[in-house]
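Please read the numbered points with the sequence and the model at hand.

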Amino acid sequence: MAANTRQFDRIIEVAGRKLAGVRGRELWALPAGDQAKVAGYVGLAVAKATRLKSSPTAERGIERIWSNAEAALVAEIAAAEKAKAAVIAQAAADKVARKGKGWW
């Protein structure tokens, strides 16, 4: 019996797509709360820009959201890959244990 890793493969695939979206600064890849925060920061930056002022706070806030999202997705992928490897290792150990009993 082979190890069933489809669930982990799906998690890795979805997180990988989201990570690509975050790296491309695509808003859909962020959680809803972070999307709202980015929208708020963009509104603040636009309001400041209309008064010909810079908005480093908004820029830093937006950059922090993107970097935190990227770090979270990288960690999620790493954890899913580690869990998948553990399932595969356990299945291999079980197979060896069954074969080790012999036929007698």
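Is D9 buried, partly exposed or exposed? D9 is partly exposed, with a relative accessible area of 31%; buried means under 20% relative accessible area, exposed over 50%, and partly exposed in between (1.4 Å probe, protein chains only).

1. Basis of the note. This is a predicted model, in which local features need pLDDT of at least 70 and side-chain atom pairs count only at pLDDT 80 or more, while totals for chains, interfaces and linings use all residues. Residues are numbered from 1 along each chain as its sequence is written, and side-chain values use heavy atoms, with hydrogens and water left out.

2. Fold. The protein has three helices and zero strands, in the order α-α-α along the sequence. Helices (H or I, at least four residues) and strands (E, at least two) are DSSP runs, numbered from the N terminus. Helix α1 covers 6–23 and α2 covers 32–50, and α3 covers 56–100.

3. Overall dimensions. The C-alpha trace spans about 85 × 20 × 20 Å along its principal axes. The radius of gyration is 22 Å, whereas a compact globule of 104 residues would have a value near 13 Å. That radius is taken over C-alpha atoms, and the globule rule is 2.2 Å times the number of residues to the power 0.38. Buried residues account for 21% of the 104 residues.

4. Salt bridge of D9. The whole structure contains four salt bridges, each being a side-chain nitrogen of Lys or Arg within 4 Å of a carboxyl oxygen of Asp or Glu. One of them joins the side chains of D9 and K84 at 2.6 Å, N to O. This pair links distant parts of the chain, since D9 is in helix α1 and K84 in helix α3, 75 residues apart. K84 is partly exposed, at a relative accessible area of 23%.

5. Salt bridge of E70. The side chains of E70 and R23 also meet in a salt bridge, at 2.8 Å, N to O. E70 belongs to helix α3 and R23 to helix α1, so the pair ties together parts that are 47 residues apart in sequence. E70 is partly exposed, with a relative accessible area of 25%.

6. R25 and the α1–α2 loop. R25 is found in the loop between α1 and α2, and its phi is near 55°, a positive value in a residue other than glycine. The side chain of R25 forms a salt bridge with that of E63 (3.0 Å, N to O). Because E63 is in helix α3 and R25 in the loop, the pair ties together parts 38 residues apart in sequence. R25 is partly exposed at 37% relative accessibility, and E63 is partly exposed at 41%.

7. L52 and the α2–α3 loop. L52 lies in the loop between α2 and α3. Although L52 is not a glycine, its phi is positive, at about 60°. With 81% relative accessibility, L52 counts as exposed.

8. Charged patch. K95, R98, K99 and K101 gather in a surface patch of positive charge. Such a patch is made of residues with over 30% relative accessible area and no salt bridge, with like charges joined within 9 Å. K101 lies in the segment after α3 and is exposed, with a relative accessible area of 64%.

Definitions and conventions. Patches are made of residues with over 30% relative accessible area and no salt bridge: like charges are joined within 9 Å, nonpolar side chains (Val, Leu, Ile, Met, Phe, Trp, Tyr) within 5 Å. Accessible areas come from the Shrake-Rupley method with a 1.4 Å probe; for residues, only the protein chains shown count as cover. Lys and Arg count as positive and Asp and Glu as negative; His and the chain ends are not counted. The place of a charge is taken as NZ of Lys, CZ of Arg, CG of Asp or CD of Glu.
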